[in-house]
Amino acid sequence: MTKDNKVIAANAAFYTAFSTGDIAGMERMWADDDAISCIHPGWPAIVGRATVIGSWRDILQNPERPQVACAEPQAIVDGDSARVLCIEIVDGTALAAANHFRRVGDGWRLVHHQSSPIAQIVEQAQEEPPSPNRRFH
């Protein structure tokens with residue numbers, strides 16, 4: 001399996017743990033140190049293993065947790081670091097996501113996850129050429 005495929009497989013395991021509510025599997029996905037971080041949509045940054053894992057435990061134990069699927073994953077591997085950029089489909093809404101990994105032994109462990117809504121361009125009502133002052137929402 002190539003490096004890119006291994007990172008894509010680790011990314012898929014992360015989303016499987018999320019979608020199945022597998023707390024133990026989610027814990028295994030993350031690096032075992034306090035240099036990890038996460039930014040859930042609409043949340044402030046979370047830093048440190050206990051806080052990051054605690055946030056996932058709270059999300060996964062919630063019976064109304066959202067359904068999440070990963071689409072269009074693209075791996076970028078640079079030595080012992082990698083990131084996967086993808087689209088998360090969360091209850092039918094598309095979010096941009098970045099999952100950063102560190103090589104640990106023969107595998108890849110998460111060190112950062114971030115997802116956020118994708119901005120949409122709001123078309124101007126007037127018929128004028130596009131300007132650099134377009135509004136984003």
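In these legends, buried means under 20% relative accessible area, exposed over 50% and partly exposed in between, with a 1.4 Å probe and protein chains only. This is a predicted model, in which local features need pLDDT of at least 70 and side-chain atom pairs count only at pLDDT 80 or more, while totals for chains, interfaces and linings use all residues. Residues are numbered from 1 along each chain as its sequence is written, and side-chain values use heavy atoms, with hydrogens and water left out.

**View 1. The protein chain has 3 helices and 6 strands.** Helices (H or I, at least four residues) and strands (E, at least two) are DSSP runs, numbered from the N terminus. Along the sequence their pattern is α-α-β-β-α-β-β-β-β. The protein chain has 137 residues, and 33% of them count as buried. Contact means heavy atoms within 4.5 Å; among contacts between residues at least 6 apart in sequence, 42% join residues at least 24 apart.

**View 2. Phe 14, Tyr 15, Phe 18 and Trp 56 form one aromatic cluster.** Rings of Phe, Tyr and Trp (its six-membered ring) pair if their centres lie within 6.5 Å; planes under 30 degrees apart count as stacked, over 60 as edge-to-face and the rest as tilted. The count by this rule is 3 aromatic pairs. One of them is the edge-to-face pair of Phe 14 and Trp 56, with 5.4 Å from centre to centre and 90° between the planes. Phe 14 lies in helix α1 and Trp 56 in helix α3, so this pair ties together parts that are 42 residues apart in sequence. Phe 14 is buried, at 0% relative accessible area, and Trp 56 is buried at 2%. Phe 18 and Trp 56 also form an edge-to-face pair, at 5.4 Å centre to centre and 80° between the planes. That pair links helix α1, which holds Phe 18, to helix α3, which holds Trp 56, across 38 residues. Phe 18 counts as buried, with 7% relative accessibility.

**View 3. Helix α3 packs its buried residues against α1 (3-20), α2, β1, β2 (46-47) and β6.** These buried residues are Arg 49, Val 52, Ile 53, Gly 54, Ser 55, Trp 56, Ile 59 and Leu 60. The expected span of a helix is 1.5 Å times one less than its number of residues. For the 13 residues of α3 this gives 18 Å, which agrees with the 18 Å between its end C-alpha atoms.

**View 4. Asp 32, Arg 49 and Arg 109 are linked in a network of salt bridges.** A salt bridge is a side-chain nitrogen of Lys or Arg within 4 Å of a carboxyl oxygen of Asp or Glu. The salt bridge between Asp 32 and Arg 49 has an N to O distance of 3.5 Å. Asp 32 lies in the loop between α2 (23-29) and β1 (37-39) and Arg 49 in helix α3 (residues 49-61), so the pair ties together parts that are 17 residues apart in sequence. Asp 32 is exposed, with 57% relative accessible area, whereas Arg 49 is buried at 17%. Asp 32 also forms a salt bridge with Arg 109, with 3.2 Å between the closest N and O atoms. Arg 109 is in strand β6 (residues 107-117), so this second pair ties together parts that are 77 residues apart in sequence. Arg 109 counts as buried, at 17% relative accessibility.

**View 5. Asp 80 and Arg 103 meet through their side chains in a salt bridge, 2.7 Å from N to O.** Asp 80 sits in the loop between β3 (68-78) and β4 (81-90), and Arg 103 in strand β5 (residues 93-104), 23 residues apart. Asp 80 is partly exposed at 46% relative accessibility, and Arg 103 is partly exposed at 26%.
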